[in-house]
Every structure is written in C-alpha cells, then in structure tokens.
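Me: I am new to this structure and would like a guided look at it. Please begin with the aromatic residues.

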Amino acid sequence: AEDDEAEAEDDEAEAEDDEAEDEAEHAALIQPQPVNRLPKGIDHLGYDTYQFADEVGVANRCIRAPEALPRPQMAAQERILTNAVNFAGLPAAVVPLKGRLHRFLGNPTPFVTPYAVRETDREMEMCVAPRLVSYYEVEILEEKDDDGMPKRPTTTAPPCLAVGLSTTKFRPNIGGVGRMPGWDANSYGFHSDDGGFFHRKGVMASALSNGYGPGDIVGCGVDYTPGAHTGARIFYTLNGKLLSFVMDVAPDVDLFPTVGVDSNSPFKLNFGAVPFKYDLQNHCAASMAKAVATGHIHVPKPQQNCFPRRQSWKEAMRSPPVRSFQVRKQDNVKVAAAQ
C-alpha cells in the first residue's frame with residue numbers, strides 16, 4: 001500500500017511538472033519576439049543607447065533598425081517614347097529607346113513624420129510639416145570606468161564606428177565573417193577611424209573629415225528633393241554642420257539606418273525623439289520651397305482670402321511656413337503622423 005501511495009505521489013508530481021512545462025512553452029510562444037536581435041557582445045544600455053564590450057580589432061559587427069527611414073511615395077508611370085519630345089522631364093541617367101514602353105518614377109509626394117525641434121524643461125516642440133528629407137543621428141559617448149572616469153583603451157587596435165544605411169539585401173554576416181556598412185553594394189557607411197565614406201567595397205570612395213569619436217554627433221540623411229541630380233541623395237553631417245552630399249541612390253528603395261561597431265565607446269541613436277544637432281527644420285523647409293518653385297510638387301490653390309490680396313498663392317508657397325506644435329513632457333503624448 002505504501003508503495004502504491006509513493007507511486008501515486010510520483011505520478012502526481014510528474015504531471016505537475018509537465019503542466020508547468022506546457023505553461024512555460026505557451027508563455028514563450030505568446031511573448032513578443034525581438035524585432036532586431038543584437039549581435040554578440042553588444043549590450044542595450046538604455047533608451048536607444050548601445051555599447052560593444054568585447055575585444056576591439058578582432059571582428060566586425062553592426063546593428064540595423066527594424067524599420068526603414070520614411071520616404072516619399074513616388075507613382076510609377078509608363079510611356080511609349082516615340083520622339084524627342086517624350087524625353088522632356090526624364091532623369092538625365094535614363095537613356096530610353098524610341099518606340100518602346102519605358103517605366104519611370106513621377107514626382108515625389110511629401111511625407112509627414114513628426115520630429116523634435118526645440119526642448120524646454122516642461123515642453124517639447126514637434127515639427128509636423130510635410131517634408132522630402134529623412135534623417136537620423138548617432139551620438140558617440142565617452143567610455144567610463146566604475147568611478148565615472150574616462151576609461152583607457154585596452155588594445156592598440158584603432159576603434160571604428162560606421163554610420164550609414166543599408167537595403168534589405170544587406171547581409172552583415174557572411175560565412176561567419178562580419179562586415180561594416182559600406183563594404184558591399186547594398187550599404188553605405190561613414191567610418192570614424194579615417195573619416196571616409198565607403199560604398200561597394202572596402203576602399204574609401206571619398207573623404208568627408210579627419211574622423212570622429214567620443215563627443216561627436218554624426219548625422220546621416222536622404223534628400224528626395226527633385227532636381228538636376230538623378231534619384232535621391234545621401235548626405236552626412238558632423239556636429240550640426242553639413243559635410244557633403246556623397247552619392248545618388250534610387251528614390252524607391254527602402255534604406256535602413258545601420259551602424260557598424262568595432263569600438264567600446266557607447267553610442268546613442270536619435271530618430272527625432274529629441275532635437276537634432278543639425279538644423280533639419282531649415283533643411284526641410286528649403287527643400288520643399290525648391291520643389292514647389294520648380295513645379296515638381298503640385299500645391300492646390302487655397303480658398304479665397306486665404307492669403308493677403310497683394311500676395312498671390314504661388315508667392316506665398318515659395319516660403320511655406322513650418323508648422324509645429326508643443327506637447328507637455330509629463331503627458332507623454334505620442335504624435336501620430338497624418339498626411
């Protein structure tokens with residue numbers, strides 16, 4: 001009888017264990033999975049702040065945002081080219097053949113994605129003006145020890161961060177070997193060790209600066225303003241100053257913020273939750289004014305008496321006012337983008 005009771009208790013305990021195991025498996029299934037897994041050695045220190053804690057100079061790795069930068073919608077158009085008149089308005093890089101059906105992109109439609117422009121102790125001013133420019137910044141912080149003092153490097157290998165963009169075809173790890181953005185045809189990177197811009201291969205395409213490091217803020221953006229150039233243009237900023245437009249890219253391809261990491265310095269990403277170091281508001285206003293003035297963006301005629309009588313609606317739209325609003329920090333307001 002005692003043996004039977006012991007066996008019954010074992011069966012009951014085993015059933016409880018199985019039930020707990022099933023519950024754990026179910027809980028794991030319903031938990032949200034990470035959208036963008038971090039490479040080995042990179043720690044998430046807090047809100048949009050990351051750090052690589054392993055040895056520098058041994059391998060390369062990068063992190064990529066789970067969402068692409070916002071971009072304008074561009075309607076595709078098809079046209080049979082029969083004579084030279086049809087070539088008007090096409091990008092300079094397009095060399096079509098007469099009598100064939102060709103597909104090209106029309107004018108961009110500005111998008112609305114709020115970003116912070118000014119901050120006080122109690123309020124955050126957000127800009128919600130339509131724009132044709134996408135942008136983000138990376139702030140490189142000083143690595144500190146347990147006493148809060150700057151930490152001395154433990155290796156002679158030069159540290160490197162690479163701020164850039166990549167397409168969906170970018171593979172940061174091939175055959176166990178990591179790569180920095182800019183080392184293949186599907187990525188673009190501004191490297192901190194030599195200040196060079198890289199694309200397609202591990203050879204510098206152009207020099208943008210003498211390099212950057214802790215204390216610097218690097219910005220990377222894409223300007224979709226139509227003009228004499230072909231497609232959209234990637235540009236970089238350093239500590240609030242425009243460095244250069246580096247190259248043209250296809251305007252209908254999604255580009256993901258990507259940061260290559262071979263440095264122990266912490267870095268912080270900013271997608272507009274706090275004001276940028278660079279004056280993005282002025283850049284966007286200038287690009288919109290240029291697009292309206294050149295006729296690449298259609299602006300509907302406003303209702304009567306919307307502008308002063310002595311100023312036509314076309315003159316008023318040449319310098320469109322930047323619309324913004326303020327929210328209180330304590331309200332934790334999430335701004336919804338609306339066209």
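**Aromatic rings and cores**

Me: Tyr135 and Tyr278: buried or exposed?
Reply: Tyr135 and Tyr278 are both buried (under 20% relative accessible area; exposed is over 50%, partly exposed in between; 1.4 Å probe, protein chains only). This is a predicted model, in which local features need pLDDT of at least 70 and side-chain atom pairs pLDDT 80 or more, while totals for chains, interfaces and linings use all residues. Residues are numbered from 1 along each chain as its sequence is written, and side-chain values use heavy atoms, without hydrogens and water.

Me: How many aromatic pairs are there?
Reply: There are eleven aromatic pairs, counting rings of Phe, Tyr and Trp (its six-membered ring) with centres within 6.5 Å; planes under 30 degrees apart are stacked, over 60 edge-to-face and the rest tilted. In one of them, Tyr115 and Phe276, the ring centres are 6.3 Å apart and the planes meet at 35 degrees, so the pair is tilted.

Me: Where do those two sit in the chain?
Reply: Tyr115 belongs to strand β6 (residues 115-119), and Phe276 to the loop between β19 (267-270) and α2 (280-293). The pair links distant parts of the chain, 161 residues apart. Helices (H or I, at least four residues) and strands (E, at least two) are DSSP runs, numbered from the N terminus. Tyr115 is buried, at a relative accessible area of 2%, and Phe276 is buried too, at 11%.

Me: And how far apart are the ring centres of Tyr135 and Tyr278?
Reply: Their centres lie 5.6 Å apart, with planes at 45 degrees, so this pair is tilted. Tyr135 is in strand β8 and Tyr278 in the loop between β19 and α2, 143 residues apart.

Me: Which residues do the ring pairs link into a cluster?
Reply: The cluster holds Tyr115, Tyr135, Phe235, Phe245, Phe276 and Tyr278.

Me: New topic: which residues touch the most other members of the largest nonpolar core?
Reply: Leu165, Ile234, Tyr236, Val259 and Phe267 do, in a core of 36 residues. A nonpolar core is a set of buried Ala, Val, Leu, Ile, Met, Phe, Trp, Tyr and Cys residues joined through side-chain atoms within 4.5 Å. Strand β16 (residues 232-238) gives the largest share of this core, four residues. A second, separate core has eleven residues, including Cys127, Ala129, Phe276 and Tyr278.

Me: What about Ser134, buried or exposed?
Reply: Ser134 is buried, with a relative accessible area of 1%. This residue is part of strand β8 (residues 133-140).
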